[in-house]
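Have a look at the model first, then try each task before you read its solution.

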Number of protein chains: 2
Amino acid sequence: MRDESTTAALTERLGRELPAGRLLTDPAATAGYAHDEAEWAPYGAPLAVVRPRTAAEVQRVVRACRDHGVPIVTRGAGTGLSGGANAVDGCVVLSTETMTTIKEIDALERLAVVEPGVVNDHLRAACAERGLWYPPDPASAPWSTIGGNVATNAGGLCCVKYGVTRDYVLGLEFVTGTGELVRVGRRTAKGVAGYDLTALMVGSEGTLGVITEVTVRLRPRRLPEHTVAGYFSSTVDAGRAVAAVGAAGLTPSALELVDRHCLAAVDAWKNMGLSTEADVVLLGRTDAPGPAGEEEAEAMRRCFAEAGATYAVRSTDQQEADALFEARRLAYPALERLGPVLTEDVCVPKAAVPEMLGRIDAIAARHETLIANIAHAGDGNLHPLLITPPGDEAARKRAQAAFHEIIAEALALGGTVTGEHGVGLLKRDGLESELGPEVLALNRAIKDALDPQHLFNPGKVVARGAGR
Amino acid sequence: MRDESTTAALTERLGRELPAGRLLTDPAATAGYAHDEAEWAPYGAPLAVVRPRTAAEVQRVVRACRDHGVPIVTRGAGTGLSGGANAVDGCVVLSTETMTTIKEIDALERLAVVEPGVVNDHLRAACAERGLWYPPDPASAPWSTIGGNVATNAGGLCCVKYGVTRDYVLGLEFVTGTGELVRVGRRTAKGVAGYDLTALMVGSEGTLGVITEVTVRLRPRRLPEHTVAGYFSSTVDAGRAVAAVGAAGLTPSALELVDRHCLAAVDAWKNMGLSTEADVVLLGRTDAPGPAGEEEAEAMRRCFAEAGATYAVRSTDQQEADALFEARRLAYPALERLGPVLTEDVCVPKAAVPEMLGRIDAIAARHETLIANIAHAGDGNLHPLLITPPGDEAARKRAQAAFHEIIAEALALGGTVTGEHGVGLLKRDGLESELGPEVLALNRAIKDALDPQHLFNPGKVVARGAGR
């Protein structure tokens, strides 16, 4: 905790410099801002929460905190899964939730300019009204904010064809560690003027500055998709299907894997009868235009069948297609019925997906932990879901050991500890293993250069040691 | 110049630590490595040129130069257009020209691993043999290297649909300013482990390290393209056509503009009769699959016609299509017959292209300078070509004034000083205007963090003051 005089002086200044309603200090109110959705990640008690509405207000908060040496933890909707937005004791939590203006959607330049608190789905809906499309589609899209998506470089289902958040961020406005409000990037389609500070900020998880405005690239309206479903009796067969899709030169607009644990959980809840039919379900989509889409869907179905699918079908109507994806969506809530779910996020080379799934099964058995898997199979991005019975401390210890082994196995297979959720707190050890000391030192040199006082999100991502 | 004892000690060490044939000190041999293809950019005399063949040799060079305080200027093929690879007096030029191994092409993971001296077209050809495609296609592709392309974040014709070099670099190996050999990025499709040092290195023009290996993302084999040509009697009409293509939701795989000065130069050389037909020619391409490609080509043709094209045609055979693009390719050599050509590289919002072309015309008239234009119109990336009669010093002075005004006008229209060629030496003043002091300070903080001795490419890009 900060000493009381610092707390009093800072909250007095924030109260004075910000309009009414921006500052929360009642612990009952601030507690709701103390952590994101990462199971297991520790969090502290903020001394205050601020909800600024303008870049100028953000700047005032940053300068006040800088002057008082109080760290700032920025958060969007708090849907993160790595603890990146978790408060540390005595920090100020800066919530962007009220910065929700879509400032501009320009159809000709194919860009939008938004405040960081704009919810992903709101932006997508506003773009759709103009015949445009903002692709990044994390599962949290109905709640998560563009600012949070940028901070974690969020992915989603369509990334396999359309890339991740980084591929859509043209420019940013942010407040630096020295309290300056700056603009980086551009509004033009191309540009190489100076180092790519925009890309550096994307995925930096609130450790380098507070984003106050985001300029994103847009695409034309999305074409209708064709859906292909395949049932497989082993992960190896499903992995062979993923490889065959790539080898055939196909680029699906989604290629999702749901394993038998998920299928069983969905069946236990909704009785869809999936788990008796398949060990693994693969769901592919293509949005190639016109007959090419039909051909690509049929080619994908053939890849599934030739890889050994026990059932492979090209869905002919949209309703049926949506129903097929429903099982994937239901997997997470179905598993949550069994206990708290920790969502893992390793990403391995595509060829290693079956091997990785096999190793996860072995880890689950070794540590007597239920580990289900949904995966962006076309990306090699796996989401092992570790479920522990509520209140079972021994089970939780075993699951934590399993968690660390999953990370180690992903690295051994040439993968990364986090495909799209970020490092936050949960992957700090994994990050050190992945990067090695020299690259970690480069990361820290950048942190020191841009946030010399270590004002932003202490203890996260590349921070030295534990906590601040 | 370095003092003679430093020079002698360094060259002695390099000679001792490197295999035979790597070190060149004869001024007749080193002179050929002193500059790139940027007209007007100053350059000095290197004390030596090294041509290492392995990452370990690069590391030995960097450590030797670090120990002796001698700067390193890295170059690929020397096809740069901003002076970014120009030697400074007493530097070591490190040429990657002999690091030409394509280490790996992986069809399933859709990636290639190459040494930095691999020529762009060689990589593209090797990928094509495997049914794969490396999209970035700068005009220099027959000569320029992947290392140089990464250093400048090179663009090209297909960027309007497929993005620039940055969009294809997954990972890098490089030697840092402290002489460490490090790997950043990944081989997986996604990943957010730590700051995006890969993106930071891309476009850093040799100022942050020496790249020794590049891992690039690949796409499946390219589909055949349809070509559409439009003749316009004014830049305003052509600009309206570009806007109409965007508004129609089309994403051409190329959209190139050739202005009347280029057409006249091509006619004066090849007598193609273009300049009597048009003030501006627009060349569009689409590679949408199957009937969608034909529909998109026809839709593009309609956009051209409705915007006021005096002639708009969808080319039905590939030979005719290639002939249409020939005029664009011939523009540069046709202009070079008139005198040295300085290639400008501003990029403006697409809507501002006609206005920018108009302002360039006015600047040309005001400074009595011949300025022709080719442009990646779909990107808003213009290449004004400033031609001065050989040996005419007064004309050169006028052209330099015009050059600075073009940069100022591009910034005034919300553009950037460099779309794809880099800052090098020629755009340093422009960079300062574009970024402003706070963002420039952030850039310099990063330079200081990663290259604390300012060993790499002194005086370029974000360097303070002139030269080292």
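The exercises below go from one chain to the pair.

This is a predicted model, in which local features need pLDDT of at least 70, side-chain atom pairs count only at pLDDT 80 or more, and totals for chains, interfaces and linings use all residues. Residues are numbered from 1 along each chain as its sequence is written, chains are lettered from A and ligands numbered from 1 in the order in which they are written, and side-chain values use heavy atoms, with hydrogens and water left out.

**Exercise 1.** Find out whether the radius of gyration of chain A agrees with that of a compact globule.

*Solution.* Start with the rule: 2.2 Å times the number of residues to the power 0.38, with the radius taken over C-alpha atoms. For 468 residues, this puts a compact globule near 23 Å, and chain A has 23 Å, so the two agree. Next, look at the box along the principal axes: the C-alpha atoms of chain A fill roughly 70 × 60 × 45 Å.

**Exercise 2.** What percentage of the residues of chain A count as buried?

*Solution.* First set the cut-off: buried means under 20% relative accessible area (1.4 Å probe, protein chains only). By that count, 61% of the 468 residues of chain A are buried.

**Exercise 3.** Work out how chains A and B are related.

*Solution.* Superpose the copies by least squares on the C-alpha atoms of residues with pLDDT of at least 70 in both.

Key. Buried < 20%, exposed > 50% of the residue type's maximum accessible area, 1.4 Å probe, protein only.
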